[in-house]
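Student: I have this model open and would like a close look at one part of it. Could you walk me through a helix pair, and then point out a few other spots worth a glance?

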Amino acid sequence: MTRPLRLATAALAASAALLLTSCGSDDDKPKADDKIAGADQGDEKSPSADESGEAGAEVRRPKIELPSDLTYKFDWSRTGDKTKDAVLADTEQYVQAVDMAIAEQEPLHKAYRFYSEGNAAAGSQKFVQEYVDYKDRITGVKRYFNARVDVTGGKTAGLVYCEDQRKAHNKSLKTGKTAKAQAPSKDDFVLYSSRLRVNEQGVWVTETTTSDRGNATCQP
């Protein structure tokens, strides 16, 4: 059958940028690779306080732990501007934190809420909840590219970037089966536009995110 659940990325209302996938049988047992593996990215000192020029105590970031069969390619180079690079780094953590919440089936996971607030946090909660309702998570490779950062006054920023979803799929936590991918199309690519601000801890938190699936900017 076809389930009304689609693949997206962090901080969106689930209906905004979702890719339809099909589901397999529920007869099989879960597979061993569903075990959550550490990504060696968490519990480290925050680089944002220094990179954004903000003073204050060092921040302990939430540890990001992801399934071993879910990987990321952030194909954007550091700009050389400390503030812009901090925006990119914190966005990377936010994207992965939402997927960790999905893998752990926790709609109110503290990790993504560390990197978001307001509409973005509410959208992430709704998105994660849909995966919880269907007992699914994400597997495969998620690729991000064509990032552009604009900073205003050193305190707020706009970020536009693309996602390639061709190699990322839904996976059933009940059966261990990965949903079959649909035929390739322009809708495998999504353009995102986010607004961020730097908080008192020096962390760039996402406040809003919008998306445009199939946008010509992101096509190969």
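How close do the axes of helix H2 and helix H4 come, and at roughly what angle do they cross?

Tutor: Happy to! Please keep in mind that this is a predicted model. Two packed helices are described by the angle between their axes and the distance between the axes. Here, helix H2 covers residues 82–103 and helix H4 covers residues 118–134; their axes come within 9 Å and cross at roughly 35°. The crossing of H2 and H4 has a right-handed sense. To see who does the touching, colour Tyr94, Val98, Ala101 and Ile102 on H2, then Ala120, Ala121, Ser124, Phe127, Val128 and Tyr131 on H4.

Now move along to strand E6, which spans residues 136–152 and holds Lys142. Is Lys142 buried or exposed? Its relative accessibility is 0%, so Lys142 counts as buried. The side chain of Lys142 has a polar contact with the side chain of Tyr144, at 3.5 Å. Look also at Leu70: its C-alpha atom is 7.8 Å from that of Lys142, although 72 residues along the chain lie between the two positions in numbering.

Next comes Asp69, in the loop between strand E4 (65–67) and strand E5 (70–75). Although Asp69 sits in a loop, it counts as buried because its relative accessibility is 18%, and the cut-off for buried is under 20%. The side chain of Asp69 also has a partner: a polar contact of 3.0 Å joins it to the side chain of Thr139.

Finally, let's turn to the cysteines. A disulfide is a covalent bond between the sulfur atoms of two cysteines. How many disulfides does a search of the whole structure find? The search finds one, and it joins Cys162 to Cys218 with an S to S distance of 2.0 Å. This pair ties together distant parts of the chain, 56 residues apart: Cys162 belongs to strand E7 (residues 156–164), while Cys218 lies in the segment after strand E10 (204–213). The link of Cys162 and Cys218 is left-handed, with -80° about the S-S bond. Both Cys162 and Cys218 are buried.

Methods:
Residues are numbered from 1 along each chain as its sequence is written. This is a predicted model: local features need pLDDT of at least 70, side-chain atom pairs count only at pLDDT 80 or more; totals for chains, interfaces and linings use all residues. Side-chain values use heavy atoms; hydrogens and water are left out. Helices (H or I, at least four residues) and strands (E, at least two) are DSSP runs, numbered from the N terminus. Buried means under 20% relative accessible area, exposed over 50%, partly exposed in between (1.4 Å probe, protein chains only). A polar contact is a pair of N or O atoms within 3.5 Å; within protein, one must be able to donate a hydrogen and the other to accept it, and residues adjacent in sequence count only if both atoms are side-chain atoms. Axes are lines fitted to C-alpha atoms, for helices over the stretch in contact, and angles run from 0 to 180 degrees between N-to-C directions. A crossing is left-handed if the near helix is turned anticlockwise from the far one by less than a right angle, and right-handed if clockwise. Contact means heavy atoms within 4.5 Å. A disulfide is a pair of cysteine sulfur atoms within 2.5 Å.
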